[in-house]
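Some notes on this entry follow, as numbered points. Please read them beside the coordinates.

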Amino acid sequence: MSARNPGTELDLDAISKVRVNTQAVLKRAQQIQGHKLLKKQWQAAWLLKAVTCIDLTTLAGDDTPSNVHRLCLKAIQPIRHDLLRKLDMNDKAVCVYPSRVADAVTSLKAANSSLPVASVATGFPAGQTPLETRLQEVRMAVSDGATEIDIVINRTLALTGQWKAMYDEIRQFREACGDAHMKTILAIGELGTFTNVYKASMVAMMAGSDFIKTSTGKESVNATYPVAIVMVRAIRDYFLCTGHKVGFKPAGGIRTAQESLVWLSLIKEELGNDWLCPQLFRLGASSLLADIERQIYHHVTGQYAAYHELPMA
Ligand SMILES: O=C[C@H](O)COP(=O)(O)O
């Protein structure tokens, strides 16, 4: 992880002046989606880069120690050894519910892996539990061994313009995180307008978030390119004002290798190469790796894999 964002005082005056030009944002998102994607070995290299930025996730009601164990094994070895050897390359976080953190830590330790464990917390996904319960959840995940915490904001506060109250809650979450890095999920599908997304991004960063993240994966609208433009521009503005680099994590509904290439290209164009690393960019996804592995298999062998050839995908 990169240097932590200490946050700043809440600047309510700046927040109240924010206006986002919707047409300009939609146009820019279209431009980025329209770019020609890389081919051949350049595509394979970018797909491997995407693999290093995935927070491999399982956030299901039926999660058990055994599917968390399987997820950890997949995170340790995301792409088949022989495919990586042929590409002349070798080289990831797992993200689980707080009650599964100890399982993930145990599995990774047993495999001698130092991969970080991230946990969602604060009443994920709705954030509608009492503040003390949400804080307790963060402390529990940290004491069980999570080194990254994905908190969700209180959408009620954002929708009713209670930015000071939202800032204060996030500050408390950050304190409860201790040394664990904090990613703040805005749940953009429930924030209504781009202007609200920009304001929520800025308040989350002022309150000391190390990453801002689009969605929980449980809203009906998750990571979209136009919203990402608004969030990454808030990250850029925050960097220009404070010198602190905050990370970005699109999450929810990202399923294909091609989408991962568009995300990388959006980050490169809007934030520059410095952000193209797992310390400042993550893709939150539960079923993206399988398609990336399939595309890499195709690049290496010239054929598409049969189901049994990628059994862990
Ligand atoms: O943070 C990760 C998201 O919950 C993953 O969403 P997904 O299951 O749509 O990939």
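1. The shell around the ligand holds 5 nonpolar, 8 polar and no charged residues. Ala, Val, Leu, Ile, Met, Phe, Trp, Tyr, Cys and Pro count as nonpolar, Asp, Glu, Lys and Arg as charged, and the others, Gly among them, as polar. Of the 13 residues around the ligand, G217, A251, G284, A285 and S286 come nearest (near: C-beta atom, placed from the backbone, within 6 Å of the molecule or strand).

2. This is a predicted model, in which local features need pLDDT of at least 70 and side-chain atom pairs count only at pLDDT 80 or more, while totals for chains, interfaces and linings use all residues. Residues are numbered from 1 along each chain as its sequence is written.

3. An open sheet of 8 strands runs in the order β7-β6-β5-β4-β3-β2-β1-β8, with parallel pairing (strands are DSSP E runs of at least two residues, helices H or I runs of at least four, numbered from the N terminus; two strands pair if DSSP finds at least two bridges between them). At the edges stand β7 (247-249) and β8 (283-285), each with a single partner strand, so one side of each lacks a neighbour in the sheet.

4. Strand β6 (residues 211-213) pairs with β7 in the parallel sense over 3 bridges. The bridge partner of K213 in β7 is K249.

5. L83 lies in helix α5 (residues 81-86). Is L83 buried or partly exposed? L83 is partly exposed, because 19 other C-beta atoms lie within 10 Å (buried: 20 or more; exposed: 12 or fewer; partly exposed: in between; C-beta atoms placed from the backbone).
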